[in-house]
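Thanks for coming, everyone. Let me put the structure up, and then we'll walk through it.

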Amino acid sequence: MKPLSETEINWLKKADQDHYFHPTSNLIKLQEKGPKIIAAGKGCKVYDVEGKEYIDGTGGLWLNAIGHGRPEIAEVAKNQIEQLEYYQSFNEFSNIPAIKLAEKVAKMVPVDKAKIFFTSGGSESNDTIFKMVRYYWDAKGQGSKDYIISRGKAYHGVSYGAVSATRLPFYHGGFQPLLPAFDYIDPPYCYLCPWEKEYPGCSLECAHALEEKIKELGQENVAAFVAEPVAGTGGVLVPPPGYYEIIRKICDQYEVLFVSDEVICGFGRTGSRFGIEHWNVKPDAMTMAKAISSGYVQLGAVAVSGEIYETIKNKGPFFHGYTYCGHPVACAVGLKNLEIIEAENLIENAKVMGQRLLAGLKELNLAAIGEVRGKGLMVGVDLFKDRTSKEKFPTPLGLRVVEIAYENGLICRSLLGDIVQLSPPMVITAEEVDFIVNTLAKAIDQAYQEFLA
């Protein structure tokens, strides 16, 4: 990238403040301090407009698998644009990349006789499956089955259907009323267990809570239970062994569909193709996005079982879809992205590097760190004022940790609950993992001393 002059950089920052309405941002802070403008990227590194280098410790928003700046992706996109930049998938139309990617994903997912519906991202995928499961039960003559049950600390997106299943308070404040027929159960957060139990000495109350909720709402009113295999934005919460096996049994017993939200977990981030594969169960449906294209273009997907598809098909014309469903360029890029993940064995790398990252962070044994947890390259560092009493700081320590880390060349993110998120690209090397550990350690220690002063 050609270096920018100071005048150009100042103009960009001012134009951003004057004209760009940022998503999910502190808009006051943005106006006071200006934006952090990323101008280029390669591999696990990105560069701002001043030319400073950073390790992308978040993979953008949990999504980059193959690293930044892959020329083979650019070539595929260019070729597809020249061949066919867009055509609709409504009214029985199709295109070659969408067909090929649908076949590819259908053969990958742990869903019986899967059919694939394409979207532009995770919120659209979750909105779609919520409509589909209600439509499915209506087609079966059980139209009262409307309720979608999610979990506390869940994040399923921010469009109105998705945010109604999301259970993080900042995403609800000021946006009410939300959609009806959504409810939730407490999450499997073992370190701060809502039942004040300790695994394995508990009875997995977190899983059995689903049965209690179904009984409370009435089996005849519950359409589906949706869960991220490992909850992401809610704090990287990893359910204990046996959790999803109980969930699957309860869903079967009460005729409730089980939806696995793989928007973050899918396509290798957890060290397995899909997060739910760490447990011995199959979902009835799955939602996907993020690593399906590594963010090179907007793309998401929904997988439903053959039984769900046949039921929906027989009801008549299906009046749901988005303009960019099955977008040819997006699907061509998605295919190449998945090809790279497989060819470069990135799922195994996510597993191995994830183990190194977890081990390195756990070995720090810093006073501010209560727990380090995760699967693969999906890691959360739970911060505390006092880890013995599990007392949190009134103002999140993680916000300051993120600032200090950024000053020292690491991009990470503070989640609600004072948890630092790490989800670097799946191409990460051992040297880059060690940089993350060392830089984050210094940032946590510095921030902690500042907060105690």
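Is E53 buried, partly exposed or exposed? It is partly exposed, because its relative accessible area is 40%. Buried means under 20% relative accessible area, exposed means over 50%, and partly exposed lies in between, with a 1.4 Å probe and protein chains only.

Some ground rules. This is a predicted model, where local features need pLDDT of at least 70 and side-chain atom pairs count only at pLDDT 80 or more, while totals for chains, interfaces and linings use all residues. Residues are numbered from 1 along each chain as its sequence is written, and side-chain values use heavy atoms, leaving out hydrogens and water.

Back to E53. It forms a salt bridge with K45, and the closest N and O atoms are 3.7 Å apart. By salt bridge I mean a side-chain nitrogen of Lys or Arg within 4 Å of a carboxyl oxygen of Asp or Glu. K45 counts as partly exposed, because its relative accessibility is 27%. The whole structure holds 30 salt bridges.

Here is another one. E103 bridges to K107, with the closest N and O atoms 3.3 Å apart. Both sit in helix α5, four residues apart, about one turn of the helix. Helices (H or I, at least four residues) and strands (E, at least two) are DSSP runs, numbered from the N terminus. E103 is partly exposed, because its relative accessible area is 47%. K107 counts as exposed, because it reaches 62%.

Now a bridge across the chain. R356 pairs with D434, the closest N and O atoms being 2.8 Å apart. This pair links distant parts of the chain: R356 is in helix α12 (residues 346–364), D434 is in helix α14 (residues 430–452), and 78 residues separate them. There is also a network: K29, K33, R400, E403, E407 and E450 are joined by salt bridges that share partners.

Next, the sheet. What is the order of its seven strands? The open sheet runs β4-β10-β9-β8-β7-β5-β6, with mixed pairing. Two strands pair if DSSP finds at least two bridges between them. At the edges are β4 (115–119) and β6 (182–185), each pairing on one side only. From one strand to the next, the twist averages 20°.

β4 pairs with β10 (residues 300–304) in the antiparallel sense, over five bridges. F118 has A301 in β10 as its bridge partner. Helix α5 (residues 96–108) packs on the sheet and touches β4 and β9 (285–288). Contact here means heavy atoms within 4.5 Å. The direction of α5 makes about 125° with that of β4. For such angles, axes are lines fitted to C-alpha atoms, for helices over the stretch in contact, and the angles run from 0 to 180 degrees between N-to-C directions.

Helix α9 (residues 243–253) also packs on the sheet, touching β5 (147–151), β7 (222–227) and β8 (257–261). Its direction makes about 145° with that of β8. Which residues of α9 are buried? They are Y243, Y244, I246, I247, R248, I250 and C251. These buried residues pack against β5, α8 (205–217), β7 and β8. After α9 comes E255, whose phi is positive, near 55°.

Last stop: L179. It lies in the loop between α7 (160–165) and β6. L179 is partly exposed, because its relative accessible area is 38%.
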